[in-house]
Amino acid sequence: MARNIKKTIILLVTMIFIVANCIDTSARNLSIKTKSGKYYKNNEVITEVLEDAGFDDVHIAGVIGNWAVESTLNPSQLEIGGGHQGHGLMQVSNTAGTYWTVMLRDWHKINSCAEVQTKWLMKYYAPERWKEYKKKKFSSPEEAAAYFCRRLEGVSSNFERQVYANQWYKERIK
């Protein structure tokens with residue numbers, strides 16, 4: 001009983017967060033879904049949110065590199081293969097025994113907004129690790145991607161993530 005109440009409270013908090021942060025983003029999200037359904041502008045939206053939260057370009061590259069692999073920067077992406085029922089930009093699943101799967105199970109249907117999802121992940125998904133990531137000094141986008149991969153994604157395989165992070169960073173500093 002207490003577990004169900006906890007799940008319900010977490011779900012309600014999530015819904016309030018989504019509604020409070022989506023007042024002016026629904027129309028913006030429609031313009032993101034272009035170019036044959038690709039989410040190519042989501043990197044701009046995610047970048048803006050992370051910049052507003054105080055992340056520098058190297059840190060942002062690490063996030064973008066990881067999420068490009070996890071979800072192709074598609075906030076509505078459901079996990080393909082793997083069997084962990086991952087959802088969204090970060091492909092959050094219940095592998096660690098958390099309640100995130102319960103909260104996110106229908107989230108992709110409720111809101112596929114990259115802006116809101118990025119804000120939500122920073123605030124509710126391992127916020128202490130986000131703070132740790134933000135404080136860490138990295139010598140390269142690849143190093144940031146590898147660290148993000150290990151500490152926030154919980155995955156050890158990260159070469160492709162490093163490639164995407166470096167690619168984003170090089171485009172950014174042109």
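## Surface and burial

The protein chain exposes about 9,400 Å², an accessible area from the Shrake-Rupley method with a 1.4 Å probe, where for residues only the protein chains shown count as cover. Carbon and sulfur atoms supply 54% of that surface. Of the 174 residues, 46% are buried (under 20% relative accessible area, 1.4 Å probe, protein chains only).

This is a predicted model: local features need pLDDT of at least 70, side-chain atom pairs count only at pLDDT 80 or more, and totals for chains, interfaces and linings use all residues. Residues are numbered from 1 along each chain as its sequence is written, and side-chain values use heavy atoms, without hydrogens and water.

## Fold

The chain has 10 helices and 0 strands (DSSP runs numbered from the N terminus: H or I, at least four residues, for helices; E, at least two, for strands). Contacts are heavy atoms within 4.5 Å. Among those between residues at least 6 apart in sequence, 60% join residues at least 24 apart.

## Aromatic pairs

There are 10 aromatic pairs (Phe, Tyr or Trp ring centres within 6.5 Å, using the six-membered ring of Trp; planes under 30 degrees apart are stacked, over 60 edge-to-face, the rest tilted). Trp130 and Phe148 pair edge-to-face, at 5.4 Å and 75°. Trp130 lies in helix α8 (residues 127-135) and Phe148 in helix α9 (residues 141-153), so the pair ties together parts 18 residues apart in sequence. Both residues are buried.

Tyr133 and Tyr147 are stacked, because their ring centres are 6.2 Å apart and their planes at 20°. This pair also links helix α8 to helix α9, across 14 residues.

Terms used:
Buried < 20%, exposed > 50% of the residue type's maximum accessible area, 1.4 Å probe, protein only.
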